[in-house]
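Here is a short briefing for a reader new to this structure. Please keep the sequence and the 3D view open while reading.

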Amino acid sequence: MKAIFAAIIFTFTIHSAAKAQADAANGVWLNEEKDAKVQIYKNGGKYFGKLIWMAHPLEADGKTPRRDAKNTNSSLRGRPLQGLVILTGFEYDADDQEWEDGKIYDPKSGKTYSSKMKIKGNTLDIRGYVGAPLFGRTTVWTRAE
């Protein structure tokens, strides 16, 4: 009986630790250029990131919110950047301890890339790529909280 109870506790502990590790990306992150903050959150078992702060949220006129002007899809160019979801569909891989199979949208270029993320200490390495991760670029974000 003690062995069964110990096995149940062990399984629960492992499951809880894996869930906590998967949720470690949740929170607010400052991009590499230090001009934007993205809030990463879990929704339906996948991870997403929303642009919640920008150093320069307004157009040159000082009144109009910055828009997604460089989007390759012309019908999306009028949407505001503030509040835009730029990280989508990441799934946590416990074996590799990283978030994979996601997409990252770069509003500065208007392009979307396949992406994966990995936490290293207090930083988040985000690799955007076309085709395979070998053909990409990594940006390093810092936890803002």
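A salt bridge joins the side chains of Lys108 and Glu33, at 3.8 Å from N to O. The model is predicted.

**Salt bridges**

- Lys108 is partly exposed, because its relative accessibility is 45%.
- Glu33 is partly exposed as well, with a relative accessible area of 44%.
- Another of them pairs Lys42 with Asp23, whose closest N and O atoms are 3.8 Å apart.
- This pair also links distant parts of the chain, 19 residues apart. Lys42 belongs to strand β2 (residues 36-43). Asp23 sits in the loop between α1 (2-22) and β1 (27-30).
- Lys42 is partly exposed at 38% relative accessibility, whereas Asp23 is buried at 19%. The cut-off for buried is under 20%, so Asp23 falls within it.
- Lys116 forms a salt bridge with Glu98, and the closest N and O atoms are 3.8 Å apart.
- Lys116 is in strand β6 and Glu98 in strand β5, so this pair ties together parts that are 18 residues apart in sequence.
- Lys116 counts as partly exposed at 25% relative accessibility. Glu98 counts as buried at 9%.

**Strand pairing**

- Strand β3 (residues 46-54) and strand β4 (residues 85-93) run antiparallel. Three bridges join them.
- Across this pairing, Tyr47 stands opposite Phe90 of β4.
- Strand β4 also pairs with strand β5 (residues 98-106), again in the antiparallel sense. Five bridges connect β4 and β5.
- Glu91 has Glu100 in β5 as its bridge partner.
- Four residues lie between the strands in the hairpin of β4 and β5. There, Gln97 takes a positive phi near 50°.

**Aromatic pairs**

- The count of aromatic pairs comes to three.
- The pair of Tyr41 and Phe48 is stacked, because the ring planes stand at 25° and under 30 degrees counts as stacked. The ring centres are 6.0 Å apart.
- Tyr41 is partly exposed, with a relative accessible area of 24%. Phe48 is buried, with 19%.
- Tyr47 and Trp99 make an edge-to-face pair. Their centres are 6.3 Å apart, with 80° between the planes.
- Tyr47 lies in strand β3 and Trp99 in strand β5, so the pair ties together parts that are 52 residues apart in sequence.
- Tyr47 is buried, with a relative accessible area of 1%. Trp99 is buried too, at 2% relative accessibility.
- Tyr47, Tyr92 and Trp99 are linked into a cluster by ring pairs.

**Charges over rings**

- The charged end of Lys37 sits over the ring of Trp53, 5.4 Å from the ring centre.
- The charged end of Arg79 sits over the ring of Tyr105, 5.7 Å from the ring centre.

- Where is Tyr105 placed? Tyr105 is in strand β5.
- Is Tyr105 buried or exposed? Tyr105 counts as buried, because its relative accessibility is 7%.
- Tyr105 and Leu87 are 18 residues apart along the chain, and their C-alpha atoms are separated by 6.5 Å.
- Which residues does Tyr105 contact, leaving aside neighbours within four places in sequence? Its contacts are Asp68, Lys70, Asn71, Arg79, Leu84, Ile86, Gly110, Lys111 and Thr112.
- With Asn71, the side chain of Tyr105 makes a polar contact, side chain to side chain, at 3.2 Å.
- Arg79 is among the contacts of Tyr105, and the charged end of Arg79 is the group that sits over the Tyr105 ring.

Terms used:
Residues are numbered from 1 along each chain as its sequence is written. This is a predicted model: local features need pLDDT of at least 70, side-chain atom pairs count only at pLDDT 80 or more; totals for chains, interfaces and linings use all residues. Side-chain values use heavy atoms; hydrogens and water are left out. Two strands pair if DSSP finds at least two bridges between them. Helices (H or I, at least four residues) and strands (E, at least two) are DSSP runs, numbered from the N terminus. Buried means under 20% relative accessible area, exposed over 50%, partly exposed in between (1.4 Å probe, protein chains only). Contact means heavy atoms within 4.5 Å. A polar contact is a pair of N or O atoms within 3.5 Å; within protein, one must be able to donate a hydrogen and the other to accept it, and residues adjacent in sequence count only if both atoms are side-chain atoms. Rings of Phe, Tyr and Trp (its six-membered ring) pair if their centres lie within 6.5 Å; planes under 30 degrees apart count as stacked, over 60 as edge-to-face and the rest as tilted. A charge sits over a ring if NZ of Lys or CZ of Arg is within 6 Å of the ring centre and within 35 degrees of the ring normal. A salt bridge is a side-chain nitrogen of Lys or Arg within 4 Å of a carboxyl oxygen of Asp or Glu.
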